[in-house]
Structure formats: C-alpha cells, structure tokens
Amino acid sequence: MRAIVVDKFGPIASHQIRDIPDPEPGEGQVLIDNHAVGLNYPDALMLQGKYQKRPDRPFVPGRDCAGIVRAVGPGVTRCSAGDRVVAQVFTGAFSDTVLAPQNRCFVLPDGVSFEDAAAMITTFNTAWAAVDSRGRVEAGHTVLITGAAGGVGIAAVQLCKARGSTVLAAVSTEEKGKLVLENGADAVIDTNAADLAALKTHLKDQVNKITGAAEGRGCDVVVDTVGGDLFEASLRILRYGGNLVVVGFAGGQVPAAKANYLLYNNLAVTGAPLDIRFEYAYAEVERGVNTWLGLLAAGKLRSNILSRYKLNEFATAFDEITGRRVMGKVVLDPQG
Ligand SMILES: NC(=O)c1ccc[n+]([C@@H]2O[C@H](COP(=O)([O-])OP(=O)(O)OC[C@H]3O[C@@H](n4cnc5c(N)ncnc54)[C@H](OP(=O)(O)O)[C@@H]3O)[C@@H](O)[C@H]2O)c1
C-alpha cells in the first residue's frame, strides 16, 4: 500500500509517501480500499508532533476516510466485504488502504459519495458533540459560532440551523462571511479588532444589535473553535444561564476562564471532545452519525468541499489549513 509515513515529527512537507506492506485485518478490524480522505486541523498538528497524543513512530497519520470494505477480521458484525463505508480512525487514513476498528466504521446510505462522507465525518461528529450532546442547542436558541467558515464551524452552523436555532457566525473575512450565509447562518459577526478590549466591545456591539441589548438577551450558546481572545470576548456575549462549548484552539492560544465571572453571571463552560466519546458515549456518536448521514442523503446538508488534491500534494493541501485560508473542507484522493 502507498501511504504518508511519519518517521519523525517535523514540518508537514518533511514527511514522505512510501510503499509499505498491506495489513491483515485482525479481530474486530476492517480493511478498506480507500477512495477519499478528509483533512482536518488536528491532522496538521499530528504531523508536526503538536497534537496532545503522539503515536509511536513510524506511523501513518490521518483520521477521515471512505471507501469499500476489502476484507473483515473475525468478530466483525458492523459491515462486510463490498460495503461502502466511512471511517474515522485515530491514525492510518492517509493511505490507499486503511485498517479500521469496526466501531469506527459506518455503512454509507445510497447516494452519499465517498468524498462527502470523508470530508464530513470528523467535523460533523465534533459539531454534533458540541451542538447536541454538550451545547443542548434547541429551536429558538441564539448560537454564536466562532471559526464558522472552518470545518467544524460550518458543520455546527448547519446542525444548528437544522434544529431551528438562530445562528450568528463569527469570521475574519468578507469571503468567509459569504460562505457562512450560503450555509444558512442568520448573521455574520466580524472578528477583526486591534486587541482583546476592542474585540470584547466589537463583538458585544454586533451581538446586542441583533439580539436586543435592552432585554439582556445575548446568546444562549457559544460554540468556540478558535480559543484565545475570541473565547474571552465570546463569554461576554452569553445571556444569563448561557453555555460556552469549547471545541478547539485554532488560533493557537488556550484561554482560561475566570471562575468568578462564571459564578456571578450564572454561566457554564463545557468541553466537547470527540475521540473520548467513542469510548464513553458510543451510542451518542452513532446517533449523531446516523442523523447527519440521513440529513446528507436527504440533501439537507452540504459538505463544502472547496479544494481537492492528490495524496502526493498533501503539503500544499495542508498549507490552506495552516495558512488560515481554508473555507470549508480540503480533500485528498488516495488513489490518485
Ligand atoms: N473537540 C474535538 O474533538 C475536535 C475535533 C476536531 C477539531 N477540533 C479543533 O477544532 C478547531 C477547529 O478545527 P477545524 O478543523 O474546523 O479547523 P479549520 O477548518 O482550519 O478552521 C479553523 C478556523 O479557525 C479560525 N482561525 C483563527 N485563528 C486561526 C489561526 N491562527 N490558524 C488557523 N485558523 C484560525 C479560522 O477562521 P477565521 O479566519 O474566520 O477566524 C478558521 O476558519 C481546531 O482547534 C481543532 O484542533 C477539535
């Protein structure tokens, strides 16, 4: 099989594509002929050794893929040879052949393409955890989403709209603003400000104008994918009883919440991790996958694939993500 191999952590472009032996599926494992790979921000961290977990080297990185089951190991009940599946693995997706644990594989409904499914699985599973399980977003809620034109952000925009909430999409450029509106956002919130104090005022002014400051409405939920100053400023636009859901730190700064501010304003800050949920909340993950795959098959969600590359163009593909230019999703063709 042909795969990107990380021999030692380093710059993304330092990693090589190599031919390595095909694996055999063991107990509970599924071997997949891979037809599409979705890229995510955490993949960029993983290749550089900056992700919170660092696998033993050498290893094949990559989380999201979709293709046809070539063979299954003993004890596999979730799929069989010939099935079209999407898989979200911890490592191993950046290859033309992927070995996945069966609980990470989901059979695709008819009409859903490999490309769309691979582009969506991590972002929609994460957005589901943030919007449904942890954010408990309901019809009638007003939700602010940061990094809203990014992979997880745009998934959260669509899932919030699908359940009837009002979505305020926070982005840094006009072009990203257009994309979030095309994906159903009700309003665009601009995040450009000189410093934290200016950002707090800028965000509050825009949100108050929409939600009505006089009634002290603010937002019911914030889904934050950026962290840093945006996290701090977003806390200030929550209403009484509001909930800020922490998804990630794409801005590179892990913020701290002042407990007294949470106490005095009756607020919650809630973590929405994805990987650990496969262990502790598998039924919720499965319900989420079935929900978004069903909405996708019914034409009610968009994958927002905005660029496509061959496997050997992975460094250029990642430049879009690390250079903050990405709008929606970047995919790789592992057979190309
Ligand atoms: N909780 C989980 O289990 C989980 C799962 C997947 C991802 N994540 C995390 O969620 C975050 C978003 O992931 P994603 O895949 O949606 O990322 P993405 O597609 O790259 O989007 C990230 C967005 O963050 C904003 N941003 C602000 N500062 C940035 C910077 N310095 N570099 C890059 N982007 C910056 C950008 O929007 P603007 O330009 O509009 O600000 C960008 O659109 C990441 O921190 C990722 O690690 C968490």
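**Strand pairing, helix packing and cysteines in a predicted model**

The structure is a predicted model, in which local features need pLDDT of at least 70 and side-chain atom pairs count only at pLDDT 80 or more, whereas totals for chains, interfaces and linings use all residues. Residues are numbered from 1 along each chain as its sequence is written, and side-chain values use heavy atoms, with hydrogens and water left out.

Strand 8 and strand 9 pair in the parallel sense over five bridges, two strands being taken as paired if DSSP finds at least two bridges between them. Strand 8, comprising residues 142–146, also pairs with strand 11, residues 219–224, again in the parallel sense and over three bridges; within this second pairing, L144 has V222 of strand 11 as its bridge partner. In general, strands of a sheet pair through backbone hydrogen bonds, either parallel or antiparallel. These pairings belong to an open sheet of six strands, which follow the order 10-9-8-11-12-13 with parallel pairing. The edges are formed by strand 10 (187–190) and strand 13 (268–271), each of which pairs on one side only. Neighbouring strands of this sheet are turned by 20 degrees against each other on average, direction ignored, with axes being lines fitted to C-alpha atoms, for helices over the stretch in contact, and angles otherwise running from 0 to 180 degrees between N-to-C directions.

Helix 5 (residues 196–211) touches strand 8, strand 9 (166–171), strand 10 and strand 11, and its direction makes about 160 degrees with that of strand 10. Helix 6 (residues 228–235) touches strand 8, strand 11, strand 12 (238–246) and strand 13, and its direction makes about 155 degrees with that of strand 12.

Strand 8 is largely enclosed by the rest of the structure, because five of its five residues are buried; buried means under 20% relative accessible area, exposed over 50%, and partly exposed in between (1.4 Å probe, protein chains only). T142, L144 and T146 point one way from the strand, while V143 and I145 point the other way. As a general rule, the side chains of a regular strand alternate between the two faces of the sheet.

Helix 2 (residues 114–134) packs against two further helices. Its axis and that of helix 3 (residues 151–162) come within 8 Å and cross at roughly 55 degrees, which makes helix 2 oblique to helix 3; here, angles under 35 degrees count as roughly parallel, over 145 as roughly antiparallel, 65 to 115 as roughly perpendicular and the rest as oblique. This crossing of helix 2 and helix 3 is right-handed, a crossing being left-handed if the near helix is turned anticlockwise from the far one by less than a right angle, and right-handed if clockwise. The contact involves residues including F124, W128 and V131 of helix 2 and V152, A155 and L159 of helix 3.

Helix 2 and helix 9 (residues 282–297) pack at an angle of about 120 degrees, with their axes 9 Å apart, so that helix 2 is oblique to helix 9 as well. Helix 2 passes helix 9 in a right-handed crossing, and among the residues in contact are M120, F124, N125 and W128 of helix 2 and V285, V289 and W292 of helix 9. N125, placed in helix 2, counts as buried because its relative accessibility is 4%. Leaving aside its neighbours within four places in sequence, N125 is in contact with Q88, M120, L274, F278, V285, V289 and W292.

With a disulfide defined as a pair of cysteine sulfur atoms within 2.5 Å, the count comes to zero disulfides. C79 is in no disulfide, the nearest cysteine sulfur, that of C105, being 5.0 Å away; C79 is buried, with a relative accessible area of 7%. For C219, likewise in no disulfide, the nearest cysteine sulfur is that of C160, at 11 Å, and C219 is buried with a relative accessible area of 0%.

Methods
Helix = DSSP H or I, 4+ residues; strand = E, 2+ residues; numbered from the N terminus. Contact = heavy atoms within 4.5 Å.
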